[in-house]
Amino acid sequence: MPIPKKNITIGGEVFEVPDLGALFGRGLNALFIVIGALWLLSGIYIVQAEQQGVVRRFGKFVRVTSPGINYRLPWPIERVDKVGVATVRRAEVGFRTIDPGPPAKYQDKPEESLMLTGNLNIVKVDLIIQYKIVDPVDFLFKVKGMEATRRPIEAALRQVVGKHEIDEILTTGKGEIQEETLMLLQKIVDSYEAGLKIVAVQLQDVHPPDAVRDAFKDVASAREDRDRLVNIAQGYAADIIPRARGEAAKMVKDAEAFASERVAKAEGDAENFNRILNEYRSAREVTRKRMLLETLEQVLPGLKKYIVKSDKSGGILNILPLGSAAEGGRK
Amino acid sequence: MKRNRTLRWIVIALVVILMTAYQVDEIDQAIVLQLGKPVRVVIEPGLHFKLPWPIQSVIFLDKRLLDYDSNPTEILTRDKKNLVLDNYAKWRIIDPLKFYVSVRDENGAQARLDDIIYSELRVELGKHDLDEVVTKNREDLMANVTTTTNEAAKAYGIEVVDVRIKRADLPAENERSVYERMRAERKRIANQYRSEGEEEALKIRAAADSMKVTIMANAYKEAQTIRGQAEGKAIDIYAKAVGKDPDFYDFLRSMEAYRKIIDTSTVLVLPPETEWLKWLK
């Protein structure tokens, strides 16, 4: 760039010197251009992948921009707020995570976690809510400080817990409570047009208050006692019934054994009798006598025998008493 | 020279704009005050103009849904029970002019809402039993309070969108009695479990015992039947055999019986006429 020159006349002589004023003016112009360019460039902004940009022109909402490099008119005409719409946020009720750890540290918030159930019992509930911003425009412009507030969560949770009995809450009803709380909470934030979607409601700890915990534990052990008693009784039944069946079987078998023995014996006896009878038939009187004598030979040795003449009277009295006579006889 | 003049105009224009323009944000609404007196309300967000200060000035009010949170208060229910209520409300400014004139700003509004909500809650809860407030129709109840509160707040340019019970708890001294009751209830349930266990166990034992008796009785019956049939059969066999010569059987059986009956302690007194002694004579 040629340096601007101007002619000045000093003492009738003409000198060519650099035109400082023009030079300065030009420099100023250049400065303005640079500043202007920088100002225009300051409108470039980047929206991260999980974000959306919300652009306001003079305070009025004009457009939502997507992730990537974007341009807005520079301050003070347009401004942009970047809202993390894909991020899942969480809120804790009943406790706070002080240090995510490991090991994680928590602080208990009994004033949040103790609540009334149906039938006016008190239960302790810790809860985590996960939510997302689905409408960044509503989120920014419709509700003041929505994100920070835990109030609708508590309100919804307590309303739901108030409808359920304590036993249900402590045992089987957890899923139902999560579900109902989620629905109710979504309904509440929708009515506020908060631009939020409740992703999940998770009951963390649900247990009876410390003051009555031992009583609840006793119920649990009572339930175990019941099962134990029933098990023992079933064990008893399982013991005696098979045993009884065994004994019964034995009884029947014994009877069967007896029966076959009895019949066999009868058959044997009958056979024996038949055999003897055949023998006897061939020589009746002789056989009978022989058998009688054989019996006597077996029976009579070794016992006292008196042979007494049977007179008309008193014959038997002569030898009485029989007992001492028998004794005397033995001496 | 010409350039200087345009520069001058630009500067003047900028100054004028700076003095007269104002911007209303999406979250705000504005009231234009002329010498302290409200002259118009601007709700539409964007760039707007007014006469320069000090003739006209602008105040901004929030257009969003706002929070109200009270301190927990004790309220008496219809069944004369105390309940500690902690409630919150969502409200917004719908009539900025009325709002500005009557309560001025959000702090003023909070104080006014305190009064309104507390009295409406007291009225509404006075119509319900404790049990209803905690469990059954909390939702209807709150809808009623919202409606009546909203009605009362209209005078201040405020719309109450939602009044909600955040916490409804019993006062500390009642809490103790609740714990007592809970403990008693648990005790009852525990006892019930234990006696149910005993009942069940007794039933099982009794059933087992009775089953055992039945099994044994049936077995006895079967065994006796078998024995009986065997006896019958044996008798039949004997009878058939004996029937061929009953007299001989009598003799034979007697012989057998003698062998068993007579032993060494037996004393036999015999007349000499006895048949088998005849050879002694």
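## Strands, domains and the A–B contact

Five of the seven residues of β4(A) are buried, so this strand is largely enclosed by the rest of the structure. The model is a predicted one.

β4(A) has two partners. With β7(A) the pairing is antiparallel and spans seven bridges. Within β7(A), Val83(A) is the bridge partner of Gln52(A). β4(A) also runs antiparallel to β5(A), joined by five bridges. There, Arg57(A) has Lys60(A) of β5(A) as its bridge partner. β4(A) and β5(A) form a hairpin with two residues between the strands, and Phe58(A) in that hairpin takes a positive phi near 45 degrees.

**Domains of chain A**

Chain A is divided into domain 1 (1–39), domain 2 (42–87) and domain 3 (89–208). The C-alpha centres of domains 2 and 3 of chain A lie 32 Å apart. Their contact takes nine residues from domain 2 of chain A and nine residues from domain 3 of chain A. On the domain 2 side, β4 (51–57), β5 and β7 (78–84) of chain A each supply at least two residues. β7(A) has the largest share of that side, three residues. By class, the domain 2 side has five nonpolar, three polar and one charged residues.

**Domains of chain B**

Chain B is assigned domain 1 (2–62), domain 2 (66–170) and domain 3 (175–225). Between domain 1 of chain B and domain 2 of chain B, the C-alpha centres lie 38 Å apart. Six residues from domain 1 of chain B and six residues from domain 2 of chain B make up the contact. The domain 1 side draws at least two residues from each of β2 (28–34), β3 (37–42) and β5 (56–62) of chain B. That side has four nonpolar, one polar and one charged residues.

| Domain 2 and domain 3 of chain A | 32 Å | nine from domain 2 of chain A, nine from domain 3 of chain A |

**Ala30(B)**

Ala30(B) sits in strand β2 of chain B. This residue has 24 C-beta neighbours inside 10 Å, so Ala30(B) counts as buried; the cut-off is 20 or more. Not counting residues up to four places away in sequence, Ala30(B) touches Val24(B), Val42(B), Val58(B), Ile59(B) and Phe60(B). Arg253(B) is 223 residues from Ala30(B) in sequence. In space, C-alpha to C-alpha, Ala30(B) and Arg253(B) are 137 Å apart.

Strand β9 (residues 158–169) of chain B has ten of its twelve residues buried, so β9(B) is largely enclosed by the rest of the structure. Its pairing with strand β8 (residues 82–93) of chain B is antiparallel, over ten bridges. Arg92(B) stands opposite Glu159(B) of β9(B).

Helix α5 (residues 138–153) of chain B has 16 residues. From first C-alpha to last, α5(B) reaches 22 Å, close to the 22 Å expected at 1.5 Å a residue. The buried residues in α5(B) include Arg138(B), Met142(B), Val145(B), Thr149(B) and Ala153(B). Why do the buried residues of α5(B) line one face of the helix? Seen down the axis of α5(B), they fall within an arc of 60 degrees, so they line one face. An α-helix has 3.6 residues a turn, so residues three or four places apart point the same way.

The face of α5(B) turned away from the buried side carries the exposed residues Asp140(B) and Glu151(B). The cover over the buried residues of α5(B) includes β8, α3 (106–125), α4 (130–136) and β9 of chain B. α4 of chain A is also part of that cover.

**Where the chains meet**

The contact between the chains takes 86 residues from chain A and 89 residues from chain B. On the chain A side, β5 (60–65), α4 (151–162), α7 (213–282), α8 (284–299), β14 (305–307) and α9 (322–330) each supply at least two residues. α7(A) gives the most to that side, with 39 residues. The side of chain A that touches chain B divides into 49 nonpolar, 14 polar and 23 charged residues.

Strand pairing also crosses between the chains. β14(A) runs parallel to strand β10 (residues 268–270) of chain B, and three bridges join them. Leu268(B) in β10(B) is the bridge partner of Lys305(A).

Definitions and conventions. Residues numbered from 1 in each chain as written. Chains lettered and ligands numbered in written order. Predicted model: local features only at pLDDT ≥ 70, side-chain atom pairs only at ≥ 80, totals over all residues. Contact = placed C-beta atoms within 7 Å. Helix = DSSP H or I, 4+ residues; strand = E, 2+ residues; numbered from the N terminus. Nonpolar A, V, L, I, M, F, W, Y, C, P; charged D, E, K, R; others polar. Pairing = 2+ DSSP bridges. Domains from an automatic or database assignment. Expected span 1.5 Å × (residues − 1). Arc of directions from axis to C-beta.
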